[in-house]
Amino acid sequence: METINEIQDEIIEEFDGLDDWMDRYQLLIDLGSEQEPLDEKYKTEQNLIDGCQSRVWLQADYDEAAGVIRFSAESDALIVKGIVSLLIRVLSGHTPQAILDADLYFISRIGLREHLSPTRSNGLLAMVKQMRAYALAYSAK
């Protein structure tokens, strides 16, 4: 299985081929629309992420046999959905400890930090924080 950093490097490579920010936004939108829709039963208040301008639901399931967390999510905003799908691709399917130890350098390397509005940036940080909170909770088990 690929490590978190190997997946981040793949994402950086995919974005590196796109010089234009409109193309990068388009890639985010495409990634968002390819993402599996979240089961309606998970679209609850409790799964809504605070600090996001648009609505983002995040579901975390612990796979005990494999010892990994599987994330799924949904957003009502296309670019945000794309960002969430990248976070899921990087962090889902890894152990709680690997998620807690991960340095998510791909976010700044693909230029997300500088090209997102402050509210979207806060939302991105809120998503990462929530994923880490789940990892922390499951690592305590």
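This is a predicted model: local features need pLDDT of at least 70, side-chain atom pairs count only at pLDDT 80 or more; totals for chains, interfaces and linings use all residues.
## Two helices in contact

Two packed helices are described by the angle between their axes and the distance between the axes. Start with helix α1, residues 4-16, and helix α3, residues 78-91. Their axes come within 8 Å. They cross at roughly 145 degrees.

Which residues of α1 and α3 make the contact? From α1 come Ile4, Ile7, Gln8, Glu10, Ile11, Glu14 and Phe15. From α3 come Leu86, Arg89, Val90 and Leu91.

## The nonpolar core

How many residues does the largest nonpolar core have? The number is 45. The residues with the most contacts inside this core are Phe71, Leu87, Leu91, Leu104, Phe106 and Met127. At least two core residues come from each of α1, α2, β1, β2 (68-75), α3, α5 (106-109) and α7 (118-139). Helix α3 gives the largest share, nine residues.

Take Leu91 as a case. Leu91 belongs to the α1 and α3 contact, and it is also among the core residues with the most contacts. Leaving out residues up to four places away in sequence, Leu91 touches Ile4, Ile69, Phe71, Ile99, Ala102, Leu104 and Met131.

## A stacked pair of rings

A pair of aromatic rings is described by the distance of the centres and the angle of the planes. The model has three aromatic pairs. One of them joins Tyr62 and Tyr138. The ring centres of Tyr62 and Tyr138 are 5.1 Å apart, and the planes meet at 15 degrees, so the pair counts as stacked; the cut-off for stacking is under 30 degrees.

The pair links distant parts of the chain. Tyr62 is in strand β1 and Tyr138 is in helix α7, 76 residues apart. Tyr62 is partly exposed, at 26% relative accessibility. Tyr138 is buried, at 16%.

## Residues in the loop between α2 and β1

Asn47 lies in the loop between α2 (21-34) and β1 (56-63). Is Asn47 buried or exposed? Asn47 counts as buried because its relative accessibility is 6%, and buried means under 20%. Beyond its neighbours within four places in sequence, Asn47 is in contact with Tyr42, Val56, Trp57, Leu58, Gln59 and Tyr134.

Gln35 sits in the loop between α2 and β1 too. Gln35 is buried, at 14% relative accessibility. Apart from neighbours within four places in sequence, Gln35 is in contact with Ala73, Glu74, Lys81, Val84, Ser85 and Ile88.

Gln53 is another residue of the loop between α2 and β1. Gln53 is exposed, with a relative accessible area of 61%. Its C-alpha atom is 20 Å from that of Ser108, which is 55 residues away along the chain.

## Both ends of strand β2

Strand β2 covers residues 68-75. Val68 lies in this strand. Val68 is buried, with a relative accessible area of 8%. Not counting residues up to four places away in sequence, Val68 touches Asp61, Tyr62, Asp63, Gly93, His94 and Thr95. Note Tyr62 in that list: it is one ring of the stacked pair.

Ser75 is also found in strand β2. Ser75 is buried, at 5% relative accessible area. Leaving aside neighbours within four places in sequence, Ser75 is in contact with Ser54, Arg55, Val56, Val80 and Lys81.

## Side chains that reach the backbone

| Side chain | Backbone atom | Distance |
|---|---|---|
| Asn47 | oxygen of Tyr42 | 2.9 Å |
| Gln35 | oxygen of Ala73 | 2.7 Å |
| Ser75 | oxygen of Arg55 | 3.1 Å |
| Ser75 | nitrogen of Ala77 | 3.1 Å |

## A residue of helix α7

Leu125 has its place in helix α7. Leu125 is partly exposed, at 49% relative accessibility. From Leu125 to Ser139 the C-alpha distance is 21 Å, and the two residues are 14 residues apart in sequence.

How values were computed
Residues are numbered from 1 along each chain as its sequence is written. Side-chain values use heavy atoms; hydrogens and water are left out. Axes are lines fitted to C-alpha atoms, for helices over the stretch in contact, and angles run from 0 to 180 degrees between N-to-C directions. Helices (H or I, at least four residues) and strands (E, at least two) are DSSP runs, numbered from the N terminus. Contact means heavy atoms within 4.5 Å. Buried means under 20% relative accessible area, exposed over 50%, partly exposed in between (1.4 Å probe, protein chains only). A polar contact is a pair of N or O atoms within 3.5 Å; within protein, one must be able to donate a hydrogen and the other to accept it, and residues adjacent in sequence count only if both atoms are side-chain atoms. A nonpolar core is a set of buried Ala, Val, Leu, Ile, Met, Phe, Trp, Tyr and Cys residues joined through side-chain atoms within 4.5 Å. Rings of Phe, Tyr and Trp (its six-membered ring) pair if their centres lie within 6.5 Å; planes under 30 degrees apart count as stacked, over 60 as edge-to-face and the rest as tilted.
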